Amino acid sequence: MRKTVLAIGALETFAIFGYGLSIVVRGTFEHSQVGSPLVQFVIYTLFAASLTATCMGISKMQSWARTPFYLLQCFVGIAGYTMVSGTILVYQAVGVVVIVVAAAGFVSLLRTPDNV
């Protein structure tokens, strides 16, 4: 199960960093009406770095990484819920996938023993 947790963490890390990168690239070509694309990129990069750090801790079987990973899965689930509650069908579908991946990461870590 630890490999599943690591795979889910890596998938989320690349997806979150890629999303942040797409915001800053799109913000370069279009004027953002939401806020600073660079600030959003920094936030998503820190989120991806946090996932990377917890995944590295889990891969080295360090118990400190379990609780932050659970919390980060909750944040991923909240992001998915936000997408589902929107009005655009594509974002709603992606939001469902995000919620499922977050739940799978949470449950996978629950099923992984501390000493494995």
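User: How many disulfides does a search of the whole structure find?

Analyst: This is a predicted model, where local features need pLDDT of at least 70, side-chain atom pairs count only at pLDDT 80 or more, and totals for chains, interfaces and linings use all residues. Residues are numbered from 1 along each chain as its sequence is written, and side-chain values use heavy atoms, with hydrogens and water left out. A disulfide is a pair of cysteine sulfur atoms within 2.5 Å. Searching the whole structure gives a count of 0.

User: Is cysteine 55 buried or exposed?

Analyst: Buried means under 20% relative accessible area, exposed over 50%, and partly exposed in between (1.4 Å probe, protein chains only). Cysteine 55 has 9% relative accessibility, so it counts as buried.

User: Which class does cysteine 74 fall in, by relative accessibility?

Analyst: Its relative accessibility is 39%. Cysteine 74 therefore counts as partly exposed.

User: Which elements does the protein chain have, and in what order?

Analyst: Helices (H or I, at least four residues) and strands (E, at least two) are DSSP runs, numbered from the N terminus. The chain has 4 helices and 0 strands. From the N terminus the order is α-α-α-α.

User: What share of the contacts with a separation of 6 or more joins residues 24 or more positions apart?

Analyst: A contact means heavy atoms within 4.5 Å. Among contacts in the protein chain with a separation of 6 or more, the share from residues 24 or more positions apart is 61%.

User: Which element gives the most residues to the lining of the largest pocket?

Analyst: A pocket is an open set of points on a 1 Å grid over the protein atoms alone, where a 1.4 Å probe fits, with protein on both sides within 12 Å along at least five of seven lines; lining residues have an atom within 4 Å of a point. The largest pocket has 30 lining residues, with Tyr19, Ser22, Ile23, Tyr44 and Met83 nearest its centre. Elements giving two or more are α1 (2-29), α2 (37-59), α3 (66-84) and α4 (89-111). The top contributor, with 9 residues, is α1.

User: How many residues of the 116 in the protein chain, as a percentage, count as buried?

Analyst: The C-alpha atoms fill a box of roughly 50 × 25 × 15 Å along the principal axes. Of the 116 residues, the buried share is 28%.
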